[in-house]
Every structure is written in structure tokens, then in C-alpha cells.
Amino acid sequence: MSEQDTHQPRPPKGLGPLAKREMRFAYMLLLPTFLVVLSVVLFPLLANIWISFKPVTLGDLRPATILINERVMGDLEAVGDEADIRYRARNSSRKSAIADVVMTDTLPASLEVVRVDDRCELSELTLRCDLGDYEPGQREDILIGVKATGAWVAAPGNVKDTKPNFSLSAENILTNDDFTLDNFRKVFNASDFTTVLWASLYYTVAGTVGALVVGLFAAQLMNLTFRGRSFLRGLFLSPYVAPVIAVALAWVLLLDPGPGGTLNALLVQLGIIDGPINFLGQRVQEIRILGLTIHFPVALTVVIIFEIWRYFPLAMLFILARMQSMSKDIYEAAEIDGATPLQQFRFISLPQLMGIMAVLFLLRFIWTFNKFDDIFLLTGGAAGTRTLTVNVYEQAFAVSNLGAGAAVAVVVFIVLLFFSIIFFKFSPEDDA
Amino acid sequence: MKRSILTATLLATTAMATSAFADTIRVWTMEVQPERMAIQEEIAAAFTAATGHDVELIPIEESDIQTRATAAFAAGDLPDVLNHTVQHLLPYAEAGLLDTAAADEVVSDLGIDTFAEGPIRMASSDGEIVSVPTDGWTQMVVYRNDLFDANGLEAPTSFANIRAAMEALHNPPEMYGFVAATKIDEGYMMQLIEHLSLATGYSPVNDDGSVNEDTTNLVQLLELYNELVAASPEGDLYWSQSRELYLDGKAAMVIWSPSILDELGGLRDSAPVTINDDPTTKELAGNTGFATMVSGPGNDAGAAWSDVRYMGITADANTEVAQEFVKFMLSDGYGQWLSQAPEGKFPVRKGPEAGSTEFEAVWAGLDVGVDRKAPLADIYPQQVIDDIVAGLSVGDRWGVDSGQLAAASTIINSQIMSRVIREMTDGELSVQEAADKIVAEHQALMAN
């Protein structure tokens, strides 16, 4: 019996050689796709991290180079007329030097060269000028004296037809091996870094949770059958699909504390508030409840409400799709057992929805943490709504300190990476 | 005679240019309104007719220039000609965005003595004129003359007078004493801050380029700003609300650019005068006074704030064609260029040659207004117009006299003062705390 057992043919474990070869071949076919996707995803990320360790300001985006302007100074109208070809060269940067500048150019054959600048030599028609080193912002003229010949007068050429070429070595901060931690030092030492970080986290967590909860309720509502459901569904999607600039400006107008602000006018007319509230401009409002004083962040909360309003449809769509794939039988069984609607929701729907809600939470958290346009359009980062992404923008574009902007972006990336790791460790498994 | 010389030189350049290739140059312009774009298209068409080169005009909002230019510079895709303001002059020249030699050549070809002195002084750096001035304007305190007279107030030409006027006239919501700027990402707020800073003698940079640590004058500015905000309506305020409220007769004073001159005269339907039922009324214009010089406790002489627009030739430019275009715009096309908005575009080039005031004369006869047109002289007394225009020659900016415009521009572009002042007016910082924070943040900014 045992002998027979050992000789009995078994199904092969793992992949056979043919299957392996097929798999390798498939991967090879897919390799270009992987490479393209990786480069599209990874390159900007790596470039950002690279820049964050470099002292990059506006002028460093391009290495210094020589700007040249070539023209004929004087008239070359008759045979024997003399004039200068002037090359006006300058170092484009006022901050970094350029070493070993060599200029080469081809002169028109119909001009007779009478003088060449000391630094230049002429062989045949090719002019080669060894200009040495250029200090930051240095500029100088190189003059070549020429005389018109009969051929030139008959058919005047243009000295600019041949462009001078340069060989030079200039420091490029973007690619050299000069690294610094100054950007990060600056970011972490900034007086308002913790404020900005907390504003970011508060905005993200509240915005994400709010969008999910509102989305859940909306999906619950849309899961019922009633007249006009498809119309209402389309209407619910409008905040998500409308252009952000249009809805942001509409909100700004509605919330305006001035005479044109609709919401304030309504609230004042209804007697709910005494005077207009500056919803997008007021940083905190002291509220006294039961002897406790709460500093309520007004503008930040309004921005969060905007975020919830704008993104609950996305959550609604996902949750609704999951709800419609749930089997009806189990609800009928629960009904027979006497479960209340709330119990049905708590013990049947919610467990089945946890998976999709978790995925949504992750996505929304990442997107909200990265959100820039909404806040920027509503408040411009004023009144306590300066988040990390607004900070990136300010550093990179207002102050032109691209290194510091990139450093803040790296901080954003690390926070999100950290969050994602924790999330994947503890996220609930989808049971469907 | 002058005319014929001009025509002759123009013909000469035309002849030279047509022999070369016909190129297309790209011009970024800050004048984005459709009516102004139409006028610029006409100038471009005339340039094409004269030289054979095409011009592609690309409208870029003033507030977008910094981002767009940064991106274009990184991508190697700068336009040929870049229309920009004072605060970009030196940062762009030093970063290598501008071909300063090309601009210098244009100015000397046109004749440096044909330009007004102030704008040239601002653009002078390292012995060069780094960009070509095209037009300018002076910021003004616009105030209700009738109310000032009725209350026996003096014109708001000093901090003390402004305070007295706010005290006497602030009566919300019928009348606000002032409409300050509180929207921190609008350049308008920095303009207001800089104007009032100059008035009381505060500059964030010292003559040697270091950050000014003496907060005496800064505190004077911040105290006034707190009072200005207290006398303003709620909200994220910028130029839009201050104009709206003033045209509605609900503000006693605002600080605005001369662009408000035609709107005050009821010539623009998108910004109508709403003090009565007639949007074309000249009543408000008649009741309005203007002050360009303001003095503060730290500076008895006072100061005006002016902005100048420049045409820069960029490092990526087709240099010669770009130069030709700028020259064309400042000679044959200049009258048209100024006609886009004469009330906000004072001529910085006086005439086609030294001593001539031809362009100034052309400008004085131009109609202002959008939906209805009228020469300025029909709406305001000549004395008022002369006063406003004279501001351009005394108009100042931080760091111009001491040669520290570059450092001052960095500070302006960072908008640190707007942000901290907003925190102060929100009640989070005291005046002294705000002053110290401004100094500390400026030092941190200038440290890199």
C-alpha cells in the first residue's frame, strides 16, 4: 500500500517549466508598460525629493548660459566699406559664474575680415573665440572688423544666418552633487509649522469622515425606490462634477458678509444672528456652552463643509453600488425575525459596507490632504486655513524658493505614506 | 519735422526688417480685458504691416505672472516679450529671465532722455536699464470732499487727518470710514501696506540690504492699519469691495488706483455709480477729492506710491524682433497703447525725442471710459488731473533710492506683511508682537 502510494502520480506542484516560460514571456511583454507607468509615477516623486535637498530658487531652474546678440555696426553699402560685427555676450545669471566659454561662428564668405578680437582666431571662415571665465552678470563685446567685397554688395547677406555656438561649463544646481538640509530646517523651524500641520490634519480628517457619513446617508436614501429618483441622483452628483472654480466662487458670493451675501441676509432676516458673520474670513469664534469657552474655527469649518459638500457624491456612488449588490433575502429573513430597520442597518448593511468605506476613507484621506484648489479659491489660505499644500504653493511660487516648496511637499508625502502603512495594517477586510 | 524724422527712421527699420525672415513673437500682456486686448491686437496688426513679423498676444492676469513665468522659465518656454510690474523687475533680471542688455539697448535707441526719470531709476541696476518702462500710475487716497468740507476735516494727506476723518465719518452701515484690504493673497493689500509704510518712513530693508530691525515706524503703520480695519466692513476685502462701496456712496475714503477715475464719472457699466438712480451721474466725481502724497508720524515729508509697467525682453526671446516690437509700441503704437485706459496709464515716455512732450499731449486728449467715453478734462478740473499725474515723478517704492529694490521685491512677493497684519487685525497678535513677527519672518526669508 505504502509502496503504491509513493509511485502514484501526483499533480505537479507549482508551475511546470512550460508555464514558467510562458509567465516570463508575459512579463517581458508587459515590461514596457511597467516601465512607462513607473517612470510616470516615480519620476515626479523622485524629482521632488531630489529638489527638496537642494537650494533651488527661481534663477537656478536653468543653468547659467551665455546670451548673445550679434549685429553689424556700421554700413556695408559700397565695396571697401568697413564695419564691425559685434557680438554682445553676457552671462544670463547674476548669481553664478560660467567657466571656459568658447564661442564658434561662421562668417559670411563675401566679407573680408580685417581685424579680429585678441581672444579670437579665424581659420577659413570659422571664428573661434576663447573667452575664458564669465563672472555673474558679466557682459562684454567681441568685435570683428570686416570689409565689404563686391560679392557682398551684390548680394548682402545677414550675419545672423549662422548662429554662434558655445561650449561652456556652468554649475547646474539641479544636477550637481551639492545637497543641503536647509530646506527642511526652514520648514520645521517656521513659526507656524505646527499650526499649519494641525490645520491640515483637522481639515483632512473632518473632511474625509464628513464626506463618508453624508455619502452613506445619501446612498441609503438613493437606495429606496421613489418617483424622481434618477433625477435626484443626477442632482446629487452635481457638486462633484461641477467645475471647482464655478462652485467656489458661488460659495464665496453666497457667504459674503457684505450687502450682497445671500446666506447672511437670510440669517439676519430670520433673526438667527444679529449681524453678518464673515464665514470665510473669521478665524475663531468664542462660543460659551455650559460655562465652557470653545474657540470655534469658523473659516476652517466652512472650508471643511465645502469639502464635504463637494465630495460626498463620490462616496455616495461607491456605497450605493455596493448596496445594490447586497442580497435581499437576508433582509427578509431579518424582518421575519423581527429586526428593526436600525438593527438591519447596524448588523447587516454596515458590516457589508465596511470594506468599501475603508477604501473610500483611504482615497479621500489622501486626496483631501493633498487638496489645494478648494482652499485656495475660497480663502487663499487666510484666517487659519493655511494647510501644507497652500504652504507648498506659497514657498514655491510667491517666494520663489522651490527647494523649500519641495521640502514641504516631501513632508506631505511622508505623512501620507505613514498613514497608508498604518491603514493597511489595521484596515477591515472586505467580506464581499 | 519731428514727424518726418520718425517716419524716415521707421521706414529704414522697415526696410531692414522685411529683408529678414518673418517671425512670430509671443507677448504676454497684463491688459486682459477684451476691449484692451482689441486695442493691442490693432497695435500688433500695425506692427505686422510695418515689419512682416507676427505677434501673438497672450493675456496673463497680473496675479498669475509669477506662477506662469516660473513654470515657463523652468520649461524653457518664456515668451519673447513679458509685460510685468516693478516687483518683478530685479528678481527676474537677477534670475536670468530677462535679457537686460536687450532692454538697455532699446532704451538707449529710443533715447533715455525721452523717458520720465522715476520709472528709469526703478529699472536701473548694475549700470543697465533691465526692462523697458511703458506706463505707470500713482496710488491715491480717494475721499468724499463734500463730507470732509461739511465736517470741517482736512484732506487725508497725513495719518492724523485720516484718523480724524474716520473718527468723524465712520457710521456703519450707512457710511464706513475706510475700506482697508484684508485679503492676504491679493497684491492690493501689499500695495496699501507699502504706500502707508512709505508715508511713515518704514522700509523693511536697510540701505545695506539687511532687514530693518527698528520697529518704531512699523508700529506706527500697524497701529494705523488696525484702525483702518476697525473702520472697514467685515469680510475678505480687496480692491473690489473698496470700489463697490465707494461707488455706492458708503465709504468716506478708499485707497485706489487712478483707474477709478472713469468709473467715478459713470462711464463704465460693469462698475456703476450707485449713489442714486442714474448710473451715469457725475455727482460723485464732483464730490470726490484725491490725495497722492500721504505723510505719517515718522516722515513729515510724506510719500506717494507709484506702479510702473514694463516690457521685458526675455532670455528665450527672438531678441531683435522683440526689441523692434517694444520700440514700435513705444513710438508709433504708443498713443494707442495709452488709449487702452488713459486714466490708469500715464505716459512714461514723453515724446519721440528729448525735450518733446508729444506723447503727453496725445495722452491728455484721450477719452476715458468703457461704455461711454469722455476726456478726463470733462469730468475733473485740470488742476486735479495735473496733481494726479505729477505723482508719477515723485512716486516711490521700497528700496529704490537705496538700490535695494531686489530685496524689497522679495519681501513684497512673499506677502509676509499681509499675512501677519491679517493675524493682527484678527486679534491674535498685539501691535508689538506683529511688528516683531514681521521682522523675524523677514529675517528668515532673507536668510536663504
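Visitor: Among contacts in chain A between residues at least 6 apart in sequence, what share joins residues at least 24 apart?

Guide: In this predicted model, 73% of those contacts in chain A join residues at least 24 apart, where a contact requires C-beta atoms within 7 Å of each other.

Visitor: What makes you say whether chain A is spread out or a compact globule?

Guide: Chain A has 14 helices and 10 strands. Its radius of gyration is 35 Å, whereas the globule rule gives 22 Å for 432 residues, and because the value is well over that figure, chain A is more spread out than a compact globule. The C-alpha trace, followed along its principal axes, spans about 115 × 95 × 45 Å.

Visitor: How many of the residues are buried, as a percentage?

Guide: Of the 432 residues in chain A, 32% are buried, a word that calls for 20 or more other C-beta atoms within 10 Å of a residue's own.

Visitor: Why are strand 5 and strand 8 of chain A said to stand at the edges?

Guide: The open sheet of four strands in chain A has the order 5-6-3-8, with antiparallel pairing. Strand 5 (120-123) and strand 8 (165-170) each have a single partner strand, so one side of each is left without a neighbour in the sheet. Neighbouring strands of this sheet are turned by 15° against each other on average, direction ignored.

Visitor: How do you know that strand 5 and strand 6 of chain A pair?

Guide: Pairing needs at least two bridges, and four bridges join strand 5 to strand 6 (residues 126-134), the two running antiparallel. A:Leu122, for instance, has A:Leu127 in strand 6 as its bridge partner.

Definitions and conventions:
Residues are numbered from 1 along each chain as its sequence is written. Chains are lettered from A and ligands numbered from 1 in the order in which they are written. This is a predicted model: local features need pLDDT of at least 70, side-chain atom pairs count only at pLDDT 80 or more; totals for chains, interfaces and linings use all residues. The radius of gyration is taken over C-alpha atoms; the globule rule is 2.2 Å times the number of residues to the power 0.38. A residue is buried if 20 or more other C-beta atoms lie within 10 Å of its own, exposed if 12 or fewer, and partly exposed in between; C-beta atoms are placed from the backbone. Two residues are in contact if their C-beta atoms, placed from the backbone, lie within 7 Å. Axes are lines fitted to C-alpha atoms, for helices over the stretch in contact, and angles run from 0 to 180 degrees between N-to-C directions.
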